[in-house]
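This report describes the strand pairing, the ligand surroundings and the overall dimensions of one protein model. The sequence and the structure are shown first.

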Amino acid sequence: MKKVNEVNSYMAMTFEALRHILKKRATILYPFKEREKVHVPKGFRGELVFYLDKCIGCASCFKVCPSETIEIIYDGQKRRPIFYLDRCTRCQQCEEICPTHAIELTDNFETVGFDRKEKIVK
Ligand code: SF4
Ligand code: SF4
(Lines give C-alpha, C1' and ligand atoms only; values in the text may rest on other atoms or scores of the structure.)
(Ligands and ions follow the chains in the order given, each with its own letter.)
Protein backbone atom coordinates (compact mmCIF):
# COMPACT_ATOMS: atom_id res chain seq x y z
CA MET A 1 0.00 0.00 0.00
CA LYS A 2 2.88 2.32 0.87
CA LYS A 3 4.46 1.67 -2.54
CA VAL A 4 1.20 2.53 -4.35
CA ASN A 5 0.98 5.83 -2.46
CA GLU A 6 4.57 6.66 -3.38
CA VAL A 7 3.96 5.96 -7.08
CA ASN A 8 0.80 8.08 -6.98
CA SER A 9 2.60 10.99 -5.42
CA TYR A 10 5.46 10.77 -7.96
CA MET A 11 2.92 10.75 -10.79
CA ALA A 12 1.15 13.75 -9.33
CA MET A 13 4.46 15.61 -9.02
CA THR A 14 5.45 14.75 -12.59
CA PHE A 15 2.07 15.84 -13.89
CA GLU A 16 2.33 19.12 -11.97
CA ALA A 17 5.88 19.76 -13.27
CA LEU A 18 4.82 19.11 -16.87
CA ARG A 19 1.79 21.34 -16.50
CA HIS A 20 3.95 24.25 -15.32
CA ILE A 21 6.77 23.72 -17.81
CA LEU A 22 4.46 24.97 -20.55
CA LYS A 23 3.34 28.06 -18.62
CA LYS A 24 4.89 31.53 -18.84
CA ARG A 25 7.52 32.21 -16.18
CA ALA A 26 6.08 34.03 -13.15
CA THR A 27 9.39 35.24 -11.72
CA ILE A 28 11.90 37.69 -13.20
CA LEU A 29 15.67 37.44 -13.51
CA TYR A 30 16.44 40.44 -11.32
CA PRO A 31 19.10 41.26 -10.02
CA PHE A 32 20.96 39.76 -13.00
CA LYS A 33 18.74 41.42 -15.58
CA GLU A 34 15.20 42.68 -16.15
CA ARG A 35 15.49 45.52 -13.63
CA GLU A 36 12.83 47.40 -15.59
CA LYS A 37 10.36 44.65 -14.77
CA VAL A 38 10.67 45.09 -10.99
CA HIS A 39 7.37 46.36 -9.67
CA VAL A 40 7.86 49.53 -7.64
CA PRO A 41 4.61 50.46 -5.88
CA LYS A 42 3.20 53.97 -6.19
CA GLY A 43 4.43 56.15 -3.34
CA PHE A 44 7.53 54.04 -2.73
CA ARG A 45 10.25 56.06 -0.98
CA GLY A 46 13.60 55.28 -2.51
CA GLU A 47 16.93 57.04 -2.58
CA LEU A 48 16.93 60.79 -2.05
CA VAL A 49 18.22 63.21 -4.67
CA PHE A 50 19.16 66.82 -4.03
CA TYR A 51 19.04 69.70 -6.53
CA LEU A 52 21.60 72.23 -5.34
CA ASP A 53 20.50 74.85 -7.88
CA LYS A 54 17.02 75.00 -6.29
CA CYS A 55 18.26 75.21 -2.69
CA ILE A 56 17.96 78.57 -0.87
CA GLY A 57 19.75 77.40 2.28
CA CYS A 58 16.79 77.81 4.65
CA ALA A 59 17.83 74.76 6.72
CA SER A 60 14.23 73.57 7.18
CA CYS A 61 15.25 70.09 6.03
CA PHE A 62 17.98 70.00 8.68
CA LYS A 63 15.50 70.97 11.40
CA VAL A 64 12.96 68.24 10.60
CA CYS A 65 15.31 65.36 9.88
CA PRO A 66 14.92 62.84 12.73
CA SER A 67 18.02 60.82 11.95
CA GLU A 68 20.71 63.51 11.66
CA THR A 69 21.19 62.69 8.00
CA ILE A 70 21.49 66.36 7.08
CA GLU A 71 24.26 68.78 7.92
CA ILE A 72 24.19 72.45 6.95
CA ILE A 73 27.46 73.87 5.69
CA TYR A 74 28.66 77.07 4.11
CA ASP A 75 30.37 76.19 0.85
CA GLY A 76 31.97 79.61 0.26
CA GLN A 77 28.99 80.86 -1.74
CA LYS A 78 25.89 79.88 0.18
CA ARG A 79 24.47 77.88 3.06
CA ARG A 80 23.39 74.46 1.92
CA PRO A 81 22.78 70.92 3.18
CA ILE A 82 24.82 67.81 2.65
CA PHE A 83 23.21 64.41 3.16
CA TYR A 84 24.69 61.29 4.78
CA LEU A 85 22.30 58.84 3.21
CA ASP A 86 23.52 55.83 5.18
CA ARG A 87 21.53 57.36 8.06
CA CYS A 88 18.41 58.23 6.09
CA THR A 89 15.20 56.45 7.11
CA ARG A 90 13.33 57.85 4.08
CA CYS A 91 10.68 59.44 6.26
CA GLN A 92 10.20 62.07 3.53
CA GLN A 93 9.89 64.98 5.98
CA CYS A 94 12.70 66.93 4.30
CA GLU A 95 11.02 66.63 0.92
CA GLU A 96 7.70 67.77 2.35
CA ILE A 97 9.09 70.81 4.13
CA CYS A 98 11.47 72.04 1.42
CA PRO A 99 9.93 75.23 0.02
CA THR A 100 11.72 74.99 -3.32
CA HIS A 101 11.41 71.26 -4.08
CA ALA A 102 15.17 70.86 -3.92
CA ILE A 103 14.81 67.40 -2.37
CA GLU A 104 13.09 64.45 -3.93
CA LEU A 105 12.69 60.85 -2.82
CA THR A 106 12.95 58.81 -6.00
CA ASP A 107 11.80 55.28 -6.75
CA ASN A 108 15.40 54.04 -6.83
CA PHE A 109 15.43 51.00 -4.56
CA GLU A 110 19.04 49.99 -5.22
CA THR A 111 20.50 51.84 -2.28
CA VAL A 112 23.10 49.51 -0.84
CA GLY A 113 26.82 50.16 -1.15
CA PHE A 114 30.18 49.06 0.13
CA ASP A 115 31.51 52.43 1.19
CA ARG A 116 29.71 55.02 3.33
CA LYS A 117 31.41 57.79 1.39
CA GLU A 118 29.40 56.76 -1.70
CA LYS A 119 26.29 57.72 0.26
CA ILE A 120 27.22 61.33 0.88
CA VAL A 121 25.19 63.67 -1.34
CA LYS A 122 26.68 67.13 -1.74
S1 SF4 B 1 14.00 61.39 4.32
FE2 SF4 B 1 13.83 61.73 6.53
S3 SF4 B 1 15.64 60.73 7.37
FE4 SF4 B 1 16.03 61.00 5.19
S5 SF4 B 1 17.11 62.94 5.04
FE6 SF4 B 1 14.93 63.38 4.76
S7 SF4 B 1 14.17 63.91 6.80
FE8 SF4 B 1 16.17 62.89 7.06
S1 SF4 C 1 14.73 72.81 2.96
FE2 SF4 C 1 15.21 72.85 0.77
S3 SF4 C 1 15.80 74.96 0.35
FE4 SF4 C 1 15.91 74.68 2.57
S5 SF4 C 1 18.07 74.09 2.96
FE6 SF4 C 1 16.88 72.21 2.72
S7 SF4 C 1 17.11 71.69 0.55
FE8 SF4 C 1 17.69 73.84 0.75
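## Strand pairing

In this predicted model, strand E3 and strand E5 (residues 120-121) form an antiparallel pair with 2 bridges. Phe 83 has Val 121 of E5 as its bridge partner.

Strand E3 (residues 79-84) also pairs with strand E2 (residues 70-74), again in the antiparallel sense, and here there are 5 bridges.

## Element order

The protein contains 3 helices and 5 strands. Read from the N terminus, the order of the elements is α-β-α-β-β-α-β-β.

Ligand 1 has 15 residues around it, and the nearest are Cys 65, Thr 69, Cys 88, Cys 91 and Cys 94. By class, this shell around ligand 1 comprises 9 nonpolar residues, 5 polar residues and 1 charged residue.

## Surroundings of ligand 2

Which residues come closest to ligand 2? They are Cys 55, Cys 58, Cys 61, Cys 98 and Ala 102, out of 14 residues that surround the ligand. The shell around ligand 2 consists of 11 nonpolar and 3 polar residues, with no charged residues.

When these class counts are read, it should be kept in mind that Cys is assigned to the nonpolar class. The cysteines listed among the closest residues of ligand 2 and among the nearest residues of ligand 1 are therefore counted as nonpolar.

## Dimensions and packing

How does the radius of gyration of the protein stand against that of a compact globule of 122 residues? The protein has 25 Å, whereas such a globule would have a value near 14 Å. The C-alpha trace spans about 85 × 25 × 25 Å along its principal axes.

Of the 122 residues in the protein, 11% are buried. Sequence separation gives a further view of the contacts: among those between residues at least 6 apart in sequence, 61% join residues at least 24 apart.

Notes
Residues numbered from 1 in each chain as written. Chains lettered and ligands numbered in written order. Predicted model: local features only at pLDDT ≥ 70, side-chain atom pairs only at ≥ 80, totals over all residues. Near = placed C-beta within 6 Å. Pairing = 2+ DSSP bridges. Helix = DSSP H or I, 4+ residues; strand = E, 2+ residues; numbered from the N terminus. Rg over C-alpha atoms; globule rule 2.2 N^0.38 Å. Buried ≥ 20, exposed ≤ 12 C-beta atoms within 10 Å, placed from the backbone. Contact = placed C-beta atoms within 7 Å.
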